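Have a look at the sequence and the structure first.

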Amino acid sequence: MKIPERRVAQLAVLAALVGFAIYWVREVRLVGDFDFDDTFITLRYARNLAVHGHLSFNLDDRVDGFTSPGWTLFLALLLKLGFNGPRVAVLASNLFGLLGGWMAVLLARRLGASFALALCACAMTLSSGDWITWAAPGMETPFAAVCAVLLLLSLAVHRLPNAARAGACVLAYLARPECVILVAVALLHDALVVLRSHGDERRRAAGWFGLTVLLISTLFFGHWLYYGYPLPNTYYAKLSGVRFFKRGVPDLEEFAKARYIGAVLLAAPVVAILGGPRRRAATFAFMPWLLASCWTYAAAGGDYLEGHRFYQPLVPAAWAFIAAGLGLVLVKLPGQRIVQMVVGIACAALAIVEMQGLHDVSKGLLDSGKVIVSVKSYARQWRGAGRAFARCYPPSTSMSVRPAGVIPWETDFRTFDTLGLNTREVAMHPGITRDYDPGHTKEASAAQVVAWMPDLVLNHPHFAATDETGPLVPRTPVEYVRAGYLTRCIPDGRRWVCALERPGLLPPDCH
(Lines give C-alpha, C1' and ligand atoms only; values in the text may rest on other atoms or scores of the structure.)
Protein backbone atom coordinates (compact mmCIF):
# COMPACT_ATOMS: atom_id res chain seq x y z
CA MET A 1 0.00 0.00 0.00
CA LYS A 2 1.46 3.31 -1.09
CA ILE A 3 1.43 6.04 1.55
CA PRO A 4 0.33 9.43 0.12
CA GLU A 5 3.13 11.95 -0.29
CA ARG A 6 1.35 14.47 1.92
CA ARG A 7 1.02 11.92 4.73
CA VAL A 8 4.74 11.13 4.48
CA ALA A 9 5.50 14.85 4.78
CA GLN A 10 3.22 15.17 7.81
CA LEU A 11 4.85 12.20 9.54
CA ALA A 12 8.29 13.65 8.82
CA VAL A 13 7.26 16.98 10.33
CA LEU A 14 5.85 15.23 13.39
CA ALA A 15 9.07 13.27 13.83
CA ALA A 16 11.09 16.48 13.47
CA LEU A 17 8.98 18.25 16.09
CA VAL A 18 9.49 15.37 18.52
CA GLY A 19 13.21 15.54 17.82
CA PHE A 20 13.19 19.27 18.51
CA ALA A 21 11.45 18.62 21.82
CA ILE A 22 14.14 16.11 22.83
CA TYR A 23 16.84 18.58 21.82
CA TRP A 24 15.11 21.37 23.75
CA VAL A 25 14.92 19.32 26.95
CA ARG A 26 18.62 18.54 26.60
CA GLU A 27 19.56 22.21 26.21
CA VAL A 28 17.32 23.39 29.04
CA ARG A 29 18.89 20.82 31.33
CA LEU A 30 22.27 22.10 30.22
CA VAL A 31 21.35 25.58 31.41
CA GLY A 32 20.12 24.14 34.70
CA ASP A 33 18.64 26.17 37.56
CA PHE A 34 18.70 29.76 36.40
CA ASP A 35 17.15 32.08 38.98
CA PHE A 36 16.87 35.57 37.57
CA ASP A 37 15.98 38.54 39.76
CA ASP A 38 13.42 40.05 37.37
CA THR A 39 11.40 36.82 37.40
CA PHE A 40 10.71 37.29 41.10
CA ILE A 41 9.40 40.82 40.55
CA THR A 42 6.60 39.36 38.44
CA LEU A 43 6.13 36.53 40.93
CA ARG A 44 5.67 39.04 43.74
CA TYR A 45 2.90 40.77 41.79
CA ALA A 46 1.33 37.39 41.03
CA ARG A 47 1.46 36.34 44.68
CA ASN A 48 -0.08 39.59 45.89
CA LEU A 49 -2.90 39.11 43.40
CA ALA A 50 -3.43 35.43 44.24
CA VAL A 51 -3.27 35.87 48.03
CA HIS A 52 -4.47 39.42 48.66
CA GLY A 53 -6.32 40.43 45.50
CA HIS A 54 -3.93 43.34 44.85
CA LEU A 55 -1.99 43.50 41.57
CA SER A 56 0.80 45.62 42.98
CA PHE A 57 4.32 45.36 44.37
CA ASN A 58 3.36 46.74 47.79
CA LEU A 59 -0.18 46.20 48.99
CA ASP A 60 -0.67 49.87 49.95
CA ASP A 61 0.99 51.42 46.89
CA ARG A 62 -0.47 50.70 43.45
CA VAL A 63 2.23 50.69 40.81
CA ASP A 64 2.67 48.62 37.64
CA GLY A 65 6.20 47.20 37.39
CA PHE A 66 5.49 43.88 35.63
CA THR A 67 6.38 43.53 31.96
CA SER A 68 3.60 41.19 30.83
CA PRO A 69 0.08 41.42 32.30
CA GLY A 70 -0.86 38.10 30.71
CA TRP A 71 2.15 36.27 32.14
CA THR A 72 1.51 37.81 35.57
CA LEU A 73 -2.14 36.73 35.54
CA PHE A 74 -1.12 33.25 34.39
CA LEU A 75 1.37 32.89 37.25
CA ALA A 76 -1.20 34.24 39.72
CA LEU A 77 -3.61 31.50 38.62
CA LEU A 78 -0.95 28.83 39.10
CA LEU A 79 -0.09 30.21 42.54
CA LYS A 80 -3.78 30.26 43.43
CA LEU A 81 -3.95 26.57 42.50
CA GLY A 82 -1.15 25.86 44.97
CA PHE A 83 1.89 25.47 42.71
CA ASN A 84 5.36 26.49 43.86
CA GLY A 85 5.93 29.92 42.30
CA PRO A 86 9.56 29.83 41.14
CA ARG A 87 9.42 26.22 40.00
CA VAL A 88 6.21 26.52 38.00
CA ALA A 89 7.37 29.80 36.44
CA VAL A 90 10.53 28.13 35.15
CA LEU A 91 8.67 25.06 33.90
CA ALA A 92 6.02 27.15 32.14
CA SER A 93 8.67 29.37 30.56
CA ASN A 94 10.53 26.28 29.31
CA LEU A 95 7.34 24.89 27.76
CA PHE A 96 6.48 28.18 26.07
CA GLY A 97 10.05 28.30 24.78
CA LEU A 98 9.55 24.98 22.99
CA LEU A 99 6.10 26.06 21.84
CA GLY A 100 7.64 29.19 20.33
CA GLY A 101 9.77 27.03 18.04
CA TRP A 102 6.80 24.90 17.04
CA MET A 103 4.70 28.00 16.38
CA ALA A 104 7.41 29.25 14.02
CA VAL A 105 6.67 26.18 11.88
CA LEU A 106 2.95 26.95 11.69
CA LEU A 107 3.49 30.61 10.89
CA ALA A 108 6.17 29.89 8.28
CA ARG A 109 3.84 27.43 6.52
CA ARG A 110 0.97 29.90 6.51
CA LEU A 111 3.25 32.57 5.08
CA GLY A 112 4.36 30.37 2.20
CA ALA A 113 7.36 28.30 3.32
CA SER A 114 7.79 24.65 2.43
CA PHE A 115 7.83 22.02 5.18
CA ALA A 116 11.63 21.88 5.02
CA LEU A 117 12.08 25.64 5.35
CA ALA A 118 9.42 25.84 8.10
CA LEU A 119 11.29 23.21 10.09
CA CYS A 120 14.49 25.18 9.61
CA ALA A 121 12.73 28.21 11.14
CA CYS A 122 11.96 26.07 14.18
CA ALA A 123 15.52 24.76 14.34
CA MET A 124 17.04 28.23 14.13
CA THR A 125 14.75 29.45 16.91
CA LEU A 126 15.35 26.56 19.29
CA SER A 127 19.10 26.46 18.64
CA SER A 128 19.55 30.11 19.54
CA GLY A 129 21.50 30.37 22.77
CA ASP A 130 19.82 33.70 23.51
CA TRP A 131 16.36 32.18 23.05
CA ILE A 132 17.19 29.26 25.36
CA THR A 133 18.79 31.59 27.90
CA TRP A 134 15.72 33.80 28.26
CA ALA A 135 13.26 30.90 28.13
CA ALA A 136 15.05 29.23 31.05
CA PRO A 137 14.59 31.47 34.12
CA GLY A 138 10.80 31.83 34.23
CA MET A 139 10.62 35.07 32.25
CA GLU A 140 7.66 36.22 30.14
CA THR A 141 9.77 36.26 26.96
CA PRO A 142 8.56 33.02 25.27
CA PHE A 143 4.97 33.60 26.43
CA ALA A 144 4.95 37.00 24.70
CA ALA A 145 6.47 35.48 21.55
CA VAL A 146 3.79 32.78 21.39
CA CYS A 147 0.98 35.31 21.87
CA ALA A 148 2.40 37.47 19.07
CA VAL A 149 2.73 34.52 16.69
CA LEU A 150 -0.86 33.49 17.45
CA LEU A 151 -2.10 36.90 16.36
CA LEU A 152 0.07 36.87 13.22
CA LEU A 153 -1.27 33.38 12.47
CA SER A 154 -4.82 34.63 12.87
CA LEU A 155 -4.13 37.28 10.23
CA ALA A 156 -2.60 34.72 7.85
CA VAL A 157 -5.39 32.11 8.13
CA HIS A 158 -8.31 32.27 5.70
CA ARG A 159 -11.77 32.32 7.26
CA LEU A 160 -10.63 32.16 10.88
CA PRO A 161 -13.52 32.00 13.38
CA ASN A 162 -14.27 35.43 14.82
CA ALA A 163 -13.93 34.13 18.39
CA ALA A 164 -10.38 32.91 17.67
CA ARG A 165 -9.38 36.31 16.28
CA ALA A 166 -10.85 38.09 19.32
CA GLY A 167 -8.97 35.76 21.68
CA ALA A 168 -5.70 36.25 19.78
CA CYS A 169 -6.10 40.05 19.97
CA VAL A 170 -6.73 40.02 23.72
CA LEU A 171 -3.80 37.66 24.37
CA ALA A 172 -1.44 39.82 22.31
CA TYR A 173 -2.66 42.94 24.12
CA LEU A 174 -1.81 41.30 27.44
CA ALA A 175 1.53 39.88 26.24
CA ARG A 176 3.80 42.95 26.29
CA PRO A 177 3.14 46.67 25.79
CA GLU A 178 4.83 46.86 22.37
CA CYS A 179 2.48 44.11 21.12
CA VAL A 180 -0.28 46.75 21.12
CA ILE A 181 1.03 47.61 17.65
CA LEU A 182 0.08 44.12 16.48
CA VAL A 183 -3.37 44.47 17.98
CA ALA A 184 -3.94 47.88 16.37
CA VAL A 185 -3.12 46.52 12.90
CA ALA A 186 -5.32 43.45 13.47
CA LEU A 187 -8.25 45.63 14.53
CA LEU A 188 -7.76 47.89 11.52
CA HIS A 189 -7.82 44.79 9.31
CA ASP A 190 -11.00 43.56 11.00
CA ALA A 191 -12.64 46.96 10.57
CA LEU A 192 -11.97 46.77 6.82
CA VAL A 193 -13.41 43.24 6.74
CA VAL A 194 -16.59 44.50 8.41
CA LEU A 195 -16.93 47.31 5.86
CA ARG A 196 -16.46 44.95 2.90
CA SER A 197 -18.78 42.17 4.09
CA HIS A 198 -22.57 42.04 3.72
CA GLY A 199 -25.66 40.65 5.38
CA ASP A 200 -25.39 38.14 8.21
CA GLU A 201 -21.65 37.84 7.74
CA ARG A 202 -21.26 41.57 8.29
CA ARG A 203 -23.40 41.50 11.44
CA ARG A 204 -21.40 38.63 12.91
CA ALA A 205 -18.07 40.24 12.07
CA ALA A 206 -19.20 43.59 13.45
CA GLY A 207 -20.41 41.97 16.67
CA TRP A 208 -17.12 40.21 17.33
CA PHE A 209 -15.15 43.31 16.32
CA GLY A 210 -17.15 45.39 18.80
CA LEU A 211 -16.68 42.81 21.54
CA THR A 212 -12.90 42.74 20.96
CA VAL A 213 -12.66 46.53 21.10
CA LEU A 214 -14.81 46.55 24.24
CA LEU A 215 -12.64 43.96 26.00
CA ILE A 216 -9.39 45.74 25.14
CA SER A 217 -10.83 49.14 26.08
CA THR A 218 -12.01 47.72 29.40
CA LEU A 219 -8.53 46.37 30.11
CA PHE A 220 -6.91 49.70 29.22
CA PHE A 221 -9.23 51.93 31.23
CA GLY A 222 -9.37 49.42 34.09
CA HIS A 223 -5.57 49.60 34.30
CA TRP A 224 -5.72 53.40 34.18
CA LEU A 225 -8.30 53.61 36.97
CA TYR A 226 -6.54 51.02 39.14
CA TYR A 227 -3.05 52.52 38.94
CA GLY A 228 -3.97 56.15 38.32
CA TYR A 229 -1.91 56.59 35.12
CA PRO A 230 -2.18 55.31 31.54
CA LEU A 231 1.41 54.12 31.12
CA PRO A 232 1.41 50.35 30.53
CA ASN A 233 4.46 49.82 32.71
CA THR A 234 6.59 52.06 34.92
CA TYR A 235 9.66 50.93 32.96
CA TYR A 236 8.54 53.11 30.06
CA ALA A 237 8.77 56.19 32.24
CA LYS A 238 12.49 55.43 32.50
CA LEU A 239 13.22 55.60 28.76
CA SER A 240 15.79 58.25 27.99
CA GLY A 241 14.99 59.08 24.36
CA VAL A 242 17.29 60.00 21.50
CA ARG A 243 20.51 60.40 23.43
CA PHE A 244 20.21 56.89 24.80
CA PHE A 245 19.01 55.55 21.48
CA LYS A 246 22.48 56.23 20.11
CA ARG A 247 23.92 54.11 22.92
CA GLY A 248 21.41 51.33 22.28
CA VAL A 249 22.04 51.11 18.53
CA PRO A 250 25.12 48.83 18.88
CA ASP A 251 23.04 46.33 20.87
CA LEU A 252 20.35 46.49 18.19
CA GLU A 253 22.96 45.94 15.48
CA GLU A 254 24.33 42.91 17.33
CA PHE A 255 20.86 41.43 17.48
CA ALA A 256 20.36 42.00 13.75
CA LYS A 257 23.65 40.24 13.03
CA ALA A 258 23.09 37.39 15.48
CA ARG A 259 22.60 34.16 13.51
CA TYR A 260 21.40 36.08 10.42
CA ILE A 261 18.23 37.36 12.14
CA GLY A 262 18.57 40.71 10.35
CA ALA A 263 17.58 38.95 7.13
CA VAL A 264 13.99 39.49 8.22
CA LEU A 265 14.28 43.09 7.02
CA LEU A 266 14.60 41.68 3.49
CA ALA A 267 12.31 38.69 3.92
CA ALA A 268 9.25 40.51 5.29
CA PRO A 269 8.92 42.87 2.27
CA VAL A 270 9.23 39.82 -0.01
CA VAL A 271 6.31 38.18 1.80
CA ALA A 272 4.30 41.39 1.49
CA ILE A 273 5.00 41.70 -2.24
CA LEU A 274 4.78 38.06 -3.37
CA GLY A 275 2.27 36.78 -0.83
CA GLY A 276 -1.49 37.12 -1.01
CA PRO A 277 -3.72 39.48 1.02
CA ARG A 278 -3.58 37.34 4.16
CA ARG A 279 0.19 37.13 4.14
CA ARG A 280 0.34 40.84 3.43
CA ALA A 281 -1.85 41.58 6.47
CA ALA A 282 0.43 39.53 8.72
CA THR A 283 3.47 41.35 7.32
CA PHE A 284 1.92 44.78 7.82
CA ALA A 285 1.35 43.83 11.47
CA PHE A 286 4.81 42.32 11.98
CA MET A 287 6.89 45.21 10.63
CA PRO A 288 5.52 47.97 12.94
CA TRP A 289 5.88 45.58 15.87
CA LEU A 290 9.49 44.91 14.91
CA LEU A 291 10.24 48.63 14.60
CA ALA A 292 8.43 49.51 17.85
CA SER A 293 10.41 46.88 19.75
CA CYS A 294 13.69 48.05 18.24
CA TRP A 295 13.01 51.70 19.02
CA THR A 296 11.77 51.07 22.56
CA TYR A 297 14.71 49.03 23.75
CA ALA A 298 17.35 50.95 21.86
CA ALA A 299 15.92 54.14 23.42
CA ALA A 300 16.46 52.50 26.81
CA GLY A 301 20.18 52.39 26.04
CA GLY A 302 20.20 48.77 24.95
CA ASP A 303 20.17 45.60 26.98
CA TYR A 304 22.28 45.88 30.11
CA LEU A 305 22.82 42.12 30.00
CA GLU A 306 24.05 39.95 27.16
CA GLY A 307 21.72 37.88 25.07
CA HIS A 308 19.50 40.60 23.54
CA ARG A 309 16.73 39.56 25.93
CA PHE A 310 14.45 42.51 25.12
CA TYR A 311 14.34 41.47 21.46
CA GLN A 312 13.77 37.75 21.96
CA PRO A 313 9.94 37.84 21.56
CA LEU A 314 10.60 38.73 17.91
CA VAL A 315 12.67 35.62 17.20
CA PRO A 316 10.11 32.88 16.26
CA ALA A 317 8.12 35.23 14.03
CA ALA A 318 11.29 36.63 12.46
CA TRP A 319 12.54 33.17 11.50
CA ALA A 320 9.10 32.28 10.13
CA PHE A 321 9.21 35.35 7.87
CA ILE A 322 12.77 34.54 6.78
CA ALA A 323 11.73 30.99 5.84
CA ALA A 324 8.62 32.23 4.04
CA GLY A 325 10.46 34.97 2.15
CA LEU A 326 13.07 32.48 0.99
CA GLY A 327 10.36 30.00 -0.01
CA LEU A 328 8.38 32.57 -2.03
CA VAL A 329 11.51 33.58 -3.94
CA LEU A 330 12.40 29.96 -4.70
CA VAL A 331 8.92 29.27 -6.08
CA LYS A 332 9.58 31.85 -8.81
CA LEU A 333 12.76 30.08 -9.98
CA PRO A 334 12.91 27.45 -12.78
CA GLY A 335 12.95 23.90 -11.45
CA GLN A 336 11.72 25.26 -8.12
CA ARG A 337 11.00 21.83 -6.57
CA ILE A 338 14.61 20.75 -6.97
CA VAL A 339 15.88 24.16 -5.88
CA GLN A 340 13.64 24.13 -2.80
CA MET A 341 14.86 20.65 -1.92
CA VAL A 342 18.50 21.68 -2.23
CA VAL A 343 18.01 24.89 -0.25
CA GLY A 344 15.97 23.05 2.37
CA ILE A 345 18.71 20.46 2.83
CA ALA A 346 21.34 23.22 3.04
CA CYS A 347 19.30 25.14 5.65
CA ALA A 348 18.71 21.94 7.62
CA ALA A 349 22.43 21.19 7.56
CA LEU A 350 23.17 24.72 8.74
CA ALA A 351 20.61 24.38 11.54
CA ILE A 352 22.12 21.05 12.64
CA VAL A 353 25.57 22.60 12.71
CA GLU A 354 24.22 25.50 14.76
CA MET A 355 22.47 23.14 17.15
CA GLN A 356 25.54 20.99 17.64
CA GLY A 357 27.77 24.01 18.09
CA LEU A 358 25.38 25.36 20.70
CA HIS A 359 25.78 22.21 22.76
CA ASP A 360 29.54 22.70 22.94
CA VAL A 361 29.86 23.85 26.53
CA SER A 362 33.47 24.89 25.94
CA LYS A 363 32.21 27.79 23.84
CA GLY A 364 30.77 29.37 26.96
CA LEU A 365 27.53 27.59 27.90
CA LEU A 366 25.20 28.92 25.24
CA ASP A 367 25.64 32.35 23.71
CA SER A 368 25.22 34.05 27.10
CA GLY A 369 27.21 31.81 29.39
CA LYS A 370 28.90 34.61 31.32
CA VAL A 371 25.54 36.14 32.09
CA ILE A 372 24.13 32.83 33.30
CA VAL A 373 27.04 32.23 35.64
CA SER A 374 26.97 35.74 37.13
CA VAL A 375 23.17 35.88 37.41
CA LYS A 376 23.06 32.49 39.11
CA SER A 377 25.72 33.61 41.56
CA TYR A 378 23.92 36.84 42.43
CA ALA A 379 20.57 35.07 42.79
CA ARG A 380 22.04 32.56 45.26
CA GLN A 381 23.55 35.37 47.34
CA TRP A 382 20.38 37.44 47.31
CA ARG A 383 18.18 34.45 48.11
CA GLY A 384 20.34 33.71 51.17
CA ALA A 385 20.17 37.36 52.21
CA GLY A 386 16.39 37.48 51.78
CA ARG A 387 15.87 34.35 53.83
CA ALA A 388 18.17 35.65 56.56
CA PHE A 389 16.26 38.93 56.90
CA ALA A 390 12.91 37.10 56.78
CA ARG A 391 14.14 34.87 59.62
CA CYS A 392 15.48 37.70 61.76
CA TYR A 393 12.90 40.49 61.30
CA PRO A 394 9.09 40.57 61.66
CA PRO A 395 6.76 40.68 58.61
CA SER A 396 5.96 44.35 59.32
CA THR A 397 9.53 45.36 58.43
CA SER A 398 10.12 47.72 55.50
CA MET A 399 13.28 47.90 53.41
CA SER A 400 15.00 49.64 50.53
CA VAL A 401 16.69 47.54 47.77
CA ARG A 402 18.26 47.76 44.33
CA PRO A 403 17.62 44.11 43.25
CA ALA A 404 13.84 44.16 43.62
CA GLY A 405 13.13 40.51 42.87
CA VAL A 406 14.53 37.67 44.97
CA ILE A 407 14.93 39.56 48.27
CA PRO A 408 11.40 41.07 48.34
CA TRP A 409 10.00 37.69 47.26
CA GLU A 410 11.73 35.87 50.10
CA THR A 411 10.98 38.48 52.79
CA ASP A 412 7.57 39.73 51.63
CA PHE A 413 8.51 43.02 53.33
CA ARG A 414 7.12 46.34 52.16
CA THR A 415 9.84 47.42 49.75
CA PHE A 416 11.16 50.64 48.25
CA ASP A 417 12.64 49.86 44.82
CA THR A 418 15.44 52.38 44.44
CA LEU A 419 15.74 51.75 40.67
CA GLY A 420 12.20 52.95 40.11
CA LEU A 421 10.58 50.02 38.34
CA ASN A 422 8.22 49.49 41.28
CA THR A 423 8.45 53.01 42.73
CA ARG A 424 6.90 55.45 40.29
CA GLU A 425 8.17 58.61 41.96
CA VAL A 426 11.75 57.44 41.34
CA ALA A 427 11.00 56.60 37.70
CA MET A 428 9.47 60.04 37.16
CA HIS A 429 11.72 62.12 39.44
CA PRO A 430 15.00 60.27 40.08
CA GLY A 431 17.53 61.67 42.49
CA ILE A 432 20.39 60.07 40.52
CA THR A 433 20.70 59.84 36.72
CA ARG A 434 23.46 57.90 34.99
CA ASP A 435 23.95 58.16 31.24
CA TYR A 436 26.32 55.22 31.18
CA ASP A 437 24.23 52.48 32.80
CA PRO A 438 21.45 51.05 30.57
CA GLY A 439 18.47 49.80 32.52
CA HIS A 440 19.71 51.54 35.67
CA THR A 441 19.86 55.11 34.46
CA LYS A 442 17.51 56.40 37.14
CA GLU A 443 17.84 55.71 40.84
CA ALA A 444 16.64 57.12 44.13
CA SER A 445 19.08 59.35 45.98
CA ALA A 446 19.91 58.80 49.63
CA ALA A 447 17.61 61.73 50.45
CA GLN A 448 14.69 60.03 48.68
CA VAL A 449 15.33 56.76 50.49
CA VAL A 450 15.52 58.48 53.89
CA ALA A 451 12.29 60.36 53.16
CA TRP A 452 10.61 56.97 52.74
CA MET A 453 12.09 55.93 56.13
CA PRO A 454 12.61 52.18 55.57
CA ASP A 455 13.52 50.04 58.57
CA LEU A 456 16.39 48.53 56.58
CA VAL A 457 18.45 49.99 53.76
CA LEU A 458 19.94 47.10 51.78
CA ASN A 459 20.27 48.72 48.38
CA HIS A 460 22.86 46.36 46.85
CA PRO A 461 23.45 43.89 49.74
CA HIS A 462 26.89 43.92 51.33
CA PHE A 463 28.36 40.62 52.49
CA ALA A 464 31.12 40.40 55.11
CA ALA A 465 33.30 37.66 56.55
CA THR A 466 32.80 38.99 60.11
CA ASP A 467 30.09 40.82 62.03
CA GLU A 468 30.48 44.52 61.16
CA THR A 469 27.53 45.72 63.27
CA GLY A 470 28.13 49.22 64.62
CA PRO A 471 28.73 52.76 63.35
CA LEU A 472 28.42 53.62 59.67
CA VAL A 473 31.53 53.45 57.53
CA PRO A 474 33.04 56.79 56.46
CA ARG A 475 31.87 56.56 52.82
CA THR A 476 28.18 56.34 53.83
CA PRO A 477 26.06 59.19 52.37
CA VAL A 478 25.52 61.95 54.89
CA GLU A 479 21.71 61.62 54.71
CA TYR A 480 21.86 58.21 56.38
CA VAL A 481 24.21 59.53 59.04
CA ARG A 482 21.88 62.42 59.89
CA ALA A 483 18.88 60.08 60.04
CA GLY A 484 20.70 57.99 62.68
CA TYR A 485 21.01 54.73 60.76
CA LEU A 486 23.55 52.17 62.03
CA THR A 487 25.16 49.16 60.40
CA ARG A 488 23.51 45.85 61.25
CA CYS A 489 24.87 42.45 60.13
CA ILE A 490 23.06 39.16 60.47
CA PRO A 491 24.19 35.59 59.61
CA ASP A 492 22.92 34.06 56.38
CA GLY A 493 24.33 30.60 57.08
CA ARG A 494 27.72 31.08 55.42
CA ARG A 495 28.74 34.63 56.28
CA TRP A 496 27.25 37.94 57.34
CA VAL A 497 24.92 40.11 55.28
CA CYS A 498 24.87 43.77 56.29
CA ALA A 499 22.36 46.59 55.94
CA LEU A 500 21.63 49.97 57.49
CA GLU A 501 19.11 49.76 60.32
CA ARG A 502 16.74 52.54 61.32
CA PRO A 503 17.21 53.85 64.86
CA GLY A 504 14.72 52.56 67.44
CA LEU A 505 14.11 49.29 65.64
CA LEU A 506 14.01 46.20 67.85
CA PRO A 507 17.20 44.10 67.55
CA PRO A 508 16.89 41.19 65.10
CA ASP A 509 15.90 37.81 66.50
CA CYS A 510 17.59 35.17 64.38
CA HIS A 511 16.63 32.05 66.34
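Is Cys 179 buried or exposed? Cys 179 is buried, with a relative accessible area of 1%. Buried here means under 20% relative accessible area, exposed means over 50%, and partly exposed is what lies in between, with a 1.4 Å probe and protein chains only.

Before going on, a word on what you're looking at. This is a predicted model, in which local features need pLDDT of at least 70 and side-chain atom pairs count only at pLDDT 80 or more, while totals for chains, interfaces and linings use all residues. Residues are numbered from 1 along each chain as its sequence is written, and side-chain values use heavy atoms, with hydrogens and water left out.

**The cysteines**

The structure holds 2 disulfides, a disulfide being a pair of cysteine sulfur atoms within 2.5 Å. Here they are side by side.

| Disulfide | Sulfur to sulfur | S-S torsion |
|---|---|---|
| Cys 392 and Cys 510 | 1.9 Å | about 120° |
| Cys 489 and Cys 498 | 2.0 Å | about 100° |

With a torsion of about 120°, the bond between Cys 392 and Cys 510 is right-handed. Cys 392 lies in helix H16 and Cys 510 in the segment after E7, so this pair ties together parts that are 118 residues apart in sequence. Helices (H or I, at least four residues) and strands (E, at least two) are DSSP runs, numbered from the N terminus. Cys 392 counts as buried at 4% relative accessibility, whereas Cys 510, at 26%, counts as partly exposed.

The Cys 489 and Cys 498 disulfide is right-handed too, going by its torsion of about 100°. Cys 489 is buried, with a relative accessible area of 5%, and Cys 498 counts as buried at 5% relative accessibility. Count the bonded cysteines along the chain and the disulfides follow the pattern 1-4, 2-3.

And Cys 147? Cys 147 is in no disulfide, and the nearest cysteine sulfur, that of Cys 179, is 7.6 Å away. Cys 147 counts as buried at 2% relative accessibility. Cys 179 is likewise in no disulfide, its nearest cysteine sulfur being that of Cys 147.

**The sheet**

How many strands form the open sheet? There are 5, in the order E2-E1-E5-E7-E6, and the pairing is mixed. Two strands pair if DSSP finds at least two bridges between them. E2 (414–417) and E6 (486–491) stand at the edges with a single partner strand each, so one side of each is left without a neighbour in the sheet. From one strand to the next, the twist averages 35°; the axes behind that angle are lines fitted to C-alpha atoms (for helices over the stretch in contact), and angles run from 0 to 180 degrees between N-to-C directions.

E6 pairs with E7 (residues 496–501) in the antiparallel sense, over 6 bridges. Look across from Pro 491 and you'll find Trp 496 in E7 standing opposite.

**The empty spaces**

Rolling a probe the size of a water molecule over the atoms shows where empty space is left. On a 1 Å grid over the protein atoms alone, a cavity is a set of points where a 1.4 Å probe fits but cannot get out, and a pocket is an open set with protein on both sides within 12 Å along at least five of seven lines; lining residues have an atom within 4 Å of a point. Grid points are joined across faces, edges and corners, and a volume is the space filled by probe spheres set on the points.

The largest pocket holds about 800 Å³ of space. Of the 35 residues that line the largest pocket, the closest to its centre are Phe 36, Asp 38, Tyr 304, Arg 309 and His 440. Helices H2 (37–52) and H16 (369–392) each supply at least two residues of this lining, and the largest share, 5 residues, comes from H16. By class, the lining of the largest pocket has 17 nonpolar, 9 polar and 9 charged residues. Ala, Val, Leu, Ile, Met, Phe, Trp, Tyr, Cys and Pro count as nonpolar, Asp, Glu, Lys and Arg as charged, and the others, Gly among them, as polar.

As for cavities, the structure holds 2 of 30 Å³ or more. The largest cavity has a volume of about 80 Å³, and its lining includes Phe 255, Arg 259, His 308 and Trp 319.
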